[in-house]
Amino acid sequence: MRRLAILVLLAGFASSALAMAAATAVSAADRAPAVEQISDVQTVSPGEVEGKPSGLFDLIGRLHPALVHFPIAWLVGLVLVDFVGLILRREAWHHLGIFVLAGMVLSLLPTAATGLLRAAHMPSDPAVHALLVTHRTLNFVMAALVLAAFALRLWRRNRLQGSWCIVYLALVFGATGLVLLAADFGGRMVYGPDFLPW
Ligand code: HEM
């Protein structure tokens with residue numbers, strides 16, 4: 001009786017193992033065409049789509065992604081230096097601020113110029129164009145705020161006290177927020193609108 005029970009149990013295990021193997025084989029067979037379709041898809045980088053630069057201006061414009069890091073880094077650096085120099089009132093950092101701001105102003109010209117050239121040679125796509133217009137406008141406003149902050153600092157001969165200090169900091173902090181937002185739009189153009197979750 002005990003042997004019979006063991007035999008029945010083993011037979012049960014064997015049949016359920018067979019049923020599972022069959023089910024796996026069927027579902028693998030179901031998926032096979034989909035896997036074939038996926039393997040047909042080729043990944044193509046933007047460079048491969050656009051091919052080689054069509055001329056000198058197209059080539060210069062393609063330097064934009066390499067240059068964009070400079071204004072972003074100068075401006076974020078300036079926020080840190082100005083925070084210590086103007087809010088925590090450390091004299092040495094206060095003097096350093098105008099040099100960091102000058103570096104930011106210098107980095108604007110090649111970045112904006114290559115951006116404009118890049119925009120003129122981009123393949124036309126309405127979705128990308130909408131992102132491009134926002135990216136360009138935000139960057140122009142950011143550049144205006146940075147130039148205003150630089151002019152204010154020069155005009156005040158680097159002496160920023162009271163309300164002038166507040167106006168200056170508002171310009172710098174506002175410009176930093178804008179450059180980060182604009183960079184997000186730039187990244188969406190390059191990597192697609194859903195690259196980041198927001
Ligand atoms: C001056 C400040 C600017 C900054 C900091 C900036 C920043 C950026 C960033 C971060 C990207 C993404 C690059 C990547 O992820 O590889 C980008 C792309 C781009 N930006 Fe700007 N940008 C600036 C100005 C401009 C201007 C004025 C234009 C003119 C319309 C422009 C046009 C473009 C274009 C067309 C792309 C896409 C590049 C590509 O697909 O190769 N940018 N930018």
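A residue is near a molecule if its C-beta atom, placed from the backbone, lies within 6 Å of it. This is a predicted model: local features need pLDDT of at least 70, side-chain atom pairs count only at pLDDT 80 or more, and totals for chains, interfaces and linings use all residues. Residues are numbered from 1 along each chain as its sequence is written.

**View 1. The shell around the ligand.** The ligand is surrounded by 25 residues. Pro65, Val68, Gly115, Arg136 and Gly186 are the closest. Elements giving two or more residues to this shell are H4 (64-67), H5 (69-87), H6 (91-120), H7 (126-155) and H8 (162-191). These helices are DSSP runs (H or I, at least four residues), numbered from the N terminus.

**View 2. The largest nonpolar core.** A nonpolar core is a set of buried Ala, Val, Leu, Ile, Met, Phe, Trp, Tyr and Cys residues joined through C-beta atoms within 7 Å. Buried means that 20 or more other C-beta atoms lie within 10 Å of a residue's own, all placed from the backbone. The largest such core has 20 residues. H5, H6, H7 and H8 each give two or more. H8 supplies the largest share, seven residues.

**View 3. Around Ala149.** Ala149 is among the residues with the most contacts inside the largest core. Contact means C-beta atoms, placed from the backbone, within 7 Å. Leaving out residues up to four places away in sequence, Ala149 touches Leu101, Tyr168, Leu171, Val172 and Ala175.

**View 4. Helix H5.** The buried residues of H5 include Trp74, Leu78 and Asp82. Their cover includes H6 and H8. Just after H5, Arg89 takes a positive phi of about 55°.

Note on methods. Buried ≥ 20, exposed ≤ 12 C-beta atoms within 10 Å, placed from the backbone. Contact = placed C-beta atoms within 7 Å.
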